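My notes follow as numbered points.

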Amino acid sequence: MVDIKKESHINGEISIRNVSKIFIDARNTEVKALHNIKLEIKAGEFVTIIGPSGCGKSTLLRLISGLDNPTGGELYIDGERITGPHFTRGFAFQNPTLFPWNDVWHNVATGLEARGILKEHIADVDEYIELVGLTPFKNAFPHQLSGGMEQRVALARALVNHPKALLLDEPLGALDALTRMSMQDEILRIWNEQKMTLLFVTHDIDEAIYLGDRVVIMSANPGQIQRVIDIDIPKPRRRNDDTFFQYKKIMLDALGVNSD
Ligand SMILES: Nc1ncnc2c1ncn2[C@@H]1O[C@H](COP(=O)(O)OP(=O)(O)OP(=O)(O)O)[C@@H](O)[C@H]1O
Ligand SMILES: [Mg+2]
């Protein structure tokens, strides 16, 4: 039996070296979605990424996932060049792409099935469906789910493979405030337990500070890293103490929002 937990639990250090991505838009002009991005992410680090719409957050995650290639520069994981997708890099993208013909259970099982190890891990599928609170819906089909439920299925589908790097693109964006906070704590708990490297894109300043060891602030046209802020508050954090608000002020200033 393949021990996926053991197999995939080595490192997860990501190196992004001078990465650029140019798209050609509908009017045949160049879009600099990413320009000269340099970022070193330590194994097991929790990095949140924030920035205005169109600054290249999703593009960056897609490049790390290996689903797309940069037009300049290189990306590495544990010293190995990223050239395509691999199950050790799990992702849940902004618009969950569930298989409409599969129910929740089979959507979550997709990766294990593709790897030919589903039989040994049937209980894991149930475990992760339970963890995202969807046990009563495990036989439901995607069209029967709300947007937030679909996001949770996508999260379970990524987690069940025990990736060493987990890439989450606004994974909680469609959730109500209370469910969102409890899912943030769930994600922190899983991260603590499994020690994977976590990259988490969000539009929410509180969420970025609450979760991140570091927050990467990006800006658009061209997509660049504007600033990286270490969040020096021990976890678990409190969402409303003075230090938290100090970081919020720093973030608002960096994002060009006047907080006074
Ligand atoms: N496949 C594509 N073809 C052409 N342009 C693209 C493509 N994908 C992204 N872009 C462009 O690249 C830029 C960055 O897009 P991206 O989706 O990475 O932004 P984002 O930061 O994730 O935005 P949002 O916060 O709205 O999700 C945008 O200008 C977008 O229009
Ligand atoms: Mg995006």
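1. Ligand 1 has 14 residues around it, and S53, K57, S58, T59 and Q94 come nearest (near: a heavy atom within 4 Å of the molecule). This is a predicted model, in which local features need pLDDT of at least 70 and side-chain atom pairs count only at pLDDT 80 or more, while totals for chains, interfaces and linings use all residues. Residues are numbered from 1 along each chain as its sequence is written, chains are lettered from A and ligands numbered from 1 in the order written, and side-chain values use heavy atoms, without hydrogens and water.

2. Oxygen atoms of ligand 1 lie 2.7 Å from a side-chain N or O atom of K57 and 2.8 Å from one of Q94. For G54 it is a backbone N or O atom, at 2.9 Å from a ligand oxygen. The protein buries 64% of the 640 Å² that ligand 1 exposes when taken alone (Shrake-Rupley method, 1.4 Å probe).

3. Two elements, β2 (30-41) and α2 (57-65), each give two or more residues to the shell around ligand 1 (DSSP runs: helices H or I, at least four residues; strands E, at least two; numbered from the N terminus). The largest share, three residues, comes from α2.

4. The axes of α3 (residues 104-114) and α5 (residues 147-159) come within 7 Å and cross at roughly 35° (lines fitted to C-alpha atoms over the stretch in contact; angles from 0 to 180 degrees between N-to-C directions). V104, N107, V108 and T110 of α3 meet V153, A156 and R157 of α5 (contact: heavy atoms within 4.5 Å).

Note on methods: Polar contact = N/O pair within 3.5 Å; in protein donor to acceptor, adjacent residues only side chain to side chain.
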